[in-house]
Amino acid sequence: MKYILQAFSILFGFNLTFLKRLIDPNIQHLGIKLFPISYDTNKPLPPLSIIKVDEPLVSIIVAVYNNFGYTYNCIRAIIEHTSTDIKFEIIIINDCSTDNTLAYYSNIPNLNIVSNEKNLGFVLSCNKGAAISKGKYICFLNNDTIVQEGWLKPMLELIENDNRVGIVGSKLIFGDGDLQEAGGIVWQDGQTFHYGRRGSIKKKKYNYLREVDYCSGACLLISKSDFNILNGFDEIYTPGYYEDTDLCFSVKYKLNKKVVYQPASIVVHFEGVTSGTNFNTGMRKFQRINALKFKTKWEKELKSHFPNSFMNINETIVHYERPSRK
């Protein structure tokens, strides 16, 4: 049944999360907390309350273009699911949204919302947010995410207790409970592969701490000092795509630090909400364009990676576990 639903989703572009949850009630036993996707904005929403923090440890940056319901859930989840002993600030970069994003979030105390005068895209918006952030660490978080209980603490503990760690990424899962990514692989040709995609989030091979080639930017944690040293996301990838992979490569090959997948940090990611799924139109077309830029920029470093083949997936994972990598 799982693969039949996936086939329908691919063929017709439907979001079958709701249907799958009806057919497969076991999703309820995975411990995943979701919120409604749509809200009647003509009615009062449950208020969002953010604690004022003068010296945050973490600055959570959320770039937003429309999709009010997803953004509301994203902010709500941060508030409800972040450990109370972590001081954080939330910065929303409103990239010329045409819905009620600006009107609503401008009235939330202690939420820092900055509106772009013109549409800048994801890369420039994130760099703008990082420039005004006050935290020691920066967490880039997509607005189409729902962080799960205790998501941030294991990421922080990892990066604070090991100075060899430069970036930490979360376990990303689909809204239907399937695994979306347990860290990413970058092949020799510059193409990327989401390890574990559509696998079970309970499998042991997806649930241990690992060094990886990259982690997707849906949820990334990096120190602000390292981000500044690298001059932020490379703006050649404007408006977006491959900027996260590029940042991970810069951490790895310029700073000589590790990119680490932290499975204890769980984040639901509704992939493609803002950018769509059509590779030939809109924002998504830049995935192919920027793949070529990435390959050209990192041509030398990519030679040490494995060729693009499913046969090399396990070999890539084992590569980082060899004693010489410690």
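# Briefing: rings, charges and a buried serine

A search of the whole structure turns up 17 aromatic pairs. Two rings of Phe, Tyr or Trp (its six-membered ring) pair if their centres lie within 6.5 Å; planes under 30 degrees apart count as stacked, over 60 as edge-to-face, and the rest as tilted. This is a predicted model, where local features need pLDDT of at least 70, side-chain atom pairs count only at pLDDT 80 or more, and totals for chains, interfaces and linings use all residues. Residues are numbered from 1 along each chain as its sequence is written, and side-chain values use heavy atoms, leaving out hydrogens and water.

**Aromatic pairs**

- Tyrosine 104 and tyrosine 105 pair edge-to-face, with 5.1 Å centre to centre and 90 degrees between the planes.
- Tyrosine 105 is buried, at 0% relative accessibility. Buried means under 20% relative accessible area, exposed means over 50%, and partly exposed is in between (1.4 Å probe, protein chains only).
- Phenylalanine 193 and phenylalanine 310 are also an edge-to-face pair: 5.6 Å centre to centre, 90 degrees between the planes.
- Phenylalanine 193 lies in strand β9 and phenylalanine 310 in the loop between α10 (299-302) and α11 (313-319), so this pair ties together parts that are 117 residues apart in sequence.
- Phenylalanine 310 counts as exposed, at 66% relative accessibility.
- One aromatic cluster is formed by Tyr242, Phe249, Tyr253, Phe294 and Trp298.

**The whole protein**

- The protein has 11 helices and 12 strands. Helices (H or I, at least four residues) and strands (E, at least two) are DSSP runs, numbered from the N terminus.
- Of the 326 residues in the protein, 52% are buried.
- The accessible surface comes to about 15,700 Å², and 54% of it belongs to carbon and sulfur atoms. Accessible areas come from the Shrake-Rupley method with a 1.4 Å probe; for residues, only the protein chains shown count as cover.
- Take the contacts between residues at least 6 apart in sequence: 76% of them join residues at least 24 apart. Contact means heavy atoms within 4.5 Å.

**Salt bridges**

- The whole structure holds 12 salt bridges. A salt bridge is a side-chain nitrogen of Lys or Arg within 4 Å of a carboxyl oxygen of Asp or Glu.
- Glutamate 160 and lysine 136 meet in a salt bridge at 3.8 Å, N to O. This pair links distant parts of the chain, 24 residues apart: glutamate 160 is in helix α6 (residues 152-161), and lysine 136 is in the loop between α5 (121-132) and β4 (137-141).
- Glutamate 160 is partly exposed, with a relative accessible area of 40%.
- Arginine 197 and glutamate 271 form a salt bridge at 2.6 Å, N to O. The two are 74 residues apart, with arginine 197 in the loop between β9 and β10 and glutamate 271 in the loop between β12 (258-269) and α9 (286-297).
- Both ends are partly exposed: arginine 197 has a relative accessible area of 39%, and glutamate 271 has 31%.
- Aspartate 246 and lysine 297 meet at 3.0 Å, N to O, in a salt bridge.
- Aspartate 246 is buried at 3% relative accessibility, whereas lysine 297 is partly exposed at 32%.
- Lys33, Arg76 and Glu80 are linked in a network of salt bridges.

**Arginines over rings**

- The charged end of arginine 198 sits over the ring of phenylalanine 174, 3.8 Å from its centre. To count, NZ of Lys or CZ of Arg must be within 6 Å of the ring centre and within 35 degrees of the ring normal.
- Arginine 198 lies in the loop between β9 (192-194) and β10 (210-211). Arginine 198 is partly exposed, at 25% relative accessibility.
- The charged end of arginine 210 sits over the ring of tyrosine 208, 5.7 Å from its centre.

**Backbone details**

- Arginine 198 has a positive phi, near 65 degrees, and is not a glycine.
- Tyrosine 241, in the loop between α7 and α8, also has a positive phi, near 95 degrees.
- The peptide bond from threonine 238 to proline 239 is cis, with omega near 5 degrees. Proline 239 is in the loop between α7 (224-229) and α8 (243-253).

**Serine 223**

- Serine 223 lies in strand β11 (residues 219-223) and is buried, with a relative accessible area of 10%.
- Not counting residues up to four places away in sequence, serine 223 touches Lys136, Tyr137, Ile159 and Gly166.
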